[in-house]
Structure formats: structure tokens, C-alpha cells
Amino acid sequence: MQERIFLSPPHMCGIEEKFVSDAFASNWIAPLGPFVDRFEQELGAYLSDHAVCALASGTSALHLGLLTLGIQKDDRVYCSDFTFSASCNIIRYCSAEPVFIDSEKDSWQMDPSLLEEKLAQDAKAGKLPKAVVVVDLYGISADFARIQPICAKYDIPILEDSAEALGSTRDGRQCGTFGKVSGFSFNGNKIITTSGGGALVSADRDIVQKARYLATQAREKRPYYHHITIGYNYRLSNLLAAVGCGQMTVLKDRIAKRRAIFDRYVEQLGNIEGISFMPEPKGACSNKWLTVMNIDPKVFKKNPEDLRQAMETDNIETRWAWKPMHMQPIFEPCECIGGSVCEDIFNKSLCLPSGSSLTEDQQTRVCEAIRKHLLS
Ligand SMILES: *Cc1c(COP(=O)(O)O)cnc(C)c1O
């Protein structure tokens, strides 16, 4: 059996280990510590001087994002339909009601026209949502040039789920700086990782300060434990922030690598009839977190699951694209606007090995396996 090729494994550069040793040497094991401050500063500087709170996960960042926007029980919150469940689990954490918005065919991102129509109806009916969770899917920025003014018209804040999109831009602007508040993930499979971690980001320092307070058990500044609100234990440990500081030194390289991997897939497979790749809209520059391939069922007898299983026989990990939220049993009772666009993409898509440590030889192996299994 040949060596296994993973979808998107962690990729350390070596400096992380030194930073973790430094943290040990200084005994800044917990709680928080200088690497947390440094990680927040470096990330903030990278994101056009936004304020940053480093957290235990992307999910906790997004949850605090909704809390800082004041989301409460029974509020309605809109969310991209085509995403990972964490984007909308957080709505349920707040006992609020998710409503899903389908994708646009050309970009796979939230469809601004559907959102616009829905909000116009809501305004008439007097039941506007309290926030919209907009996902930058697979590292590609949503169409904020259209979504921002639509939401601004009704004064609805945007929570940007940039978990997959660190380093991506749209019209020169960084993903994670479009929302009133945004969340990033440093989970093991993301473009850079702290093994597990996340960050809440905002241009509004008060929001970030409030998130920091909630994430630290809502401890009041008093000599004894005094609580006036429900808090959470969501902060990132100094050891993991040390890993993050190491990873920040190679973020540029990691993006360049994943973009090159995408380009090579297009080069090696893009001319096969029936194969296409997730489009990158004009003005968007994606970090290409994952390369997502579409296989046309009219051309191939194999569907994504057939191909996934065949690739396993070559010890290559591929994965289904996110299953849309309206298709999830847990969210079945929720309202969904449209849904057929992302359902169609889901039924045709497979995520290919895209980790920045993937070698050219390994990628050739992946492409040869795809050709073998699809064309035979
Ligand atoms: C990974 C991911 C999250 C969750 O981040 P964690 O760090 O795993 O909690 C949220 N939303 C999207 C779109 C993601 O891909």
C-alpha cells in the first residue's frame, strides 16, 4: 500500500516547536500569556489593524460574535445554507432561529438577490432578522459589495464566518474585515493551525473587549469572584498561541502553496470533459483552502461517493463538500430560502487533497488516480 495522502493535514514549519519550548521555559503554560498577546497583535496587524481576541475554536469565536451582537432567544438569524454546521449551531446556542439562504450558481456563496428579496418581504411583515451569518466558503469571499449595502439598508449586522478564509481577499480587502464582527478557525485542517483554536475579529474595539470578557468567565474586575452575566471558558492557551505565532511566519507561503496546488489540478484535470472546479469570482483572491472538483453526472457513471471510495483503494483521502444545512435532519424544521443550487453542487462535488505540504509527486498520484477511476 502506498503512503496515505491526506485531505488537509497540519503543516508545521519548525519555528512552532521553538516557540512552544520558549513558553515552557518561561512557565507561561496557562492561563493566557505573552504568545496570546503576540498572536492577537500579529493577526490584527495582518487584518488591517482590526482588534482580535484569540479563542479556543472557530466555533467559540462565532458564538461570541452572535452574543456581542446581542442575539437572544427567538431572534431570527439568517445564515448561508452551504456551510459547515458550526456556522448555524451557534444560532441555536443562542436559542435563536436560523433561516438558510441558498448559494449563487456562479460563486457558490450566499446569493445576494435571494437575501435582498427576503429582507424586503420581512421589512413589510415586520419580522426582520437580528443578524446575518455570511460564510466565506472554501476560502472564497462572499459578495460583500452587494451584501453589505443590502444589510445596511435595514441596519442588520453581518457576522462573517471566515473560518476557512484567512488570507483571502476581495477587491484587495481581507476576508474577516467585512463583517461587523468575524470569526476565524485554526483547527488542524485549516490554512494555518494552532492544533485547535480560533479568533474573533472586529474593527470595533468595544465588541472585542466584550468578547474577551465573556470568554474569560465574565469575571468582573474585583478582588473576589463576582458575576453579573453568564460567562464562558473560551480563551486560547499560551502554548497553542505559540504554535499560532510560528504559523503566522509562513502564512504567505501556505497560501501560495495552496493556490499552486489548485492551479496544478486545473492544469492536469481541467481539460477533461465533465470536470470543473469551484469558480473564483472577479475581484476575489482565494487562499484556496480546499480545491473542490465538480463531476458532471451526465458525463460520468461514477458519483462523488463512488470516486471517494475508489480513491480510498489508492490510500488517498478525499471528502464530500459540506452537506447543505437545509438537508440536515437537525435543521429540518428551519426555513430555507431556495436550496436547490447548493444541493446540486453538493451532489456533484468532491474535495481533493489540498494541504500545503502536498508534494508535486503526490499531487500527480492524485490526478492519475482520478483519471484512472473516472475514465475507466
Ligand atoms: C472549521 C469551520 C468552523 C469551525 O471552526 P472550529 O475551529 O473547528 O470550531 C466554522 N465555520 C466554518 C465554515 C468552518 O469551516
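The lining of the largest pocket draws at least three residues from each of domain 1 (15-248) and domain 2 (251-375), the domain bounds coming from an automatic or database domain assignment. The structure is a predicted model, in which local features need pLDDT of at least 70, side-chain atom pairs count only at pLDDT 80 or more, and totals for chains, interfaces and linings use all residues. Residues are numbered from 1 along each chain as its sequence is written, and side-chain values use heavy atoms, with hydrogens and water left out.

**Largest pocket**

- The largest pocket holds about 330 Å³ of space; a pocket is an open set of points on a 1 Å grid over the protein atoms alone, with protein on both sides within 12 Å along at least five of seven lines.
- A volume is the space filled by probe spheres set on the points, which are joined across faces, edges and corners.
- Its lining comprises 26 residues, and Phe 84, Glu 164, Asn 187, Lys 190 and Trp 322 lie nearest the centre of the pocket; a lining residue has an atom within 4 Å of a point.
- By class, the lining of the largest pocket contains 12 nonpolar, 10 polar and 4 charged residues, where Ala, Val, Leu, Ile, Met, Phe, Trp, Tyr, Cys and Pro count as nonpolar, Asp, Glu, Lys and Arg as charged, and the others, Gly among them, as polar.
- At least two lining residues come from each of helix H3 (58-68), helix H4 (86-93) and strand E13 (319-320), and H3 gives the most, with 3 residues.
- Helices (H or I, at least four residues) and strands (E, at least two) are DSSP runs numbered from the N terminus.

**Second largest pocket**

- The second largest pocket has a volume of about 230 Å³.
- Leu 32, Gln 209, Arg 212, Tyr 213, Thr 216, Arg 219, Glu 220, Lys 221 and Arg 235 line this pocket, a set of 2 nonpolar, 2 polar and 5 charged residues.

**Domain interface**

- The centres of domain 1 and domain 2, taken over C-alpha atoms, are separated by 25 Å.
- Contact (heavy atoms within 4.5 Å) links 43 residues of domain 1 with 37 residues of domain 2.
- The two domains bury about 3,700 Å² between them, 65% of it on carbon and sulfur atoms; buried area is the accessible area (1.4 Å probe) that two parts lose on being put together, summed over both.
- On the domain 1 side, Trp 108, Tyr 138 and Ile 191 lose the most area to domain 2, together 23% of what that side buries.
- The interface of domain 1 and domain 2 has 2 salt bridges, each a side-chain nitrogen of Lys or Arg within 4 Å of a carboxyl oxygen of Asp or Glu.
- A salt bridge joins the side chains of Lys 118 and Glu 335 (2.9 Å, N to O).

**Cavities**

- The whole structure contains 3 cavities of 30 Å³ or more, a cavity being a set of grid points where a 1.4 Å probe fits but cannot get out.
- The largest cavity has a volume of about 50 Å³, and its lining has 4 nonpolar, 5 polar and 3 charged residues.
- Among the residues lining the largest cavity are Pro 9, His 11, Lys 190, Ile 191, Arg 254 and Ser 356.
- Domain 1 and domain 2 each supply at least three residues of the lining of the largest cavity.
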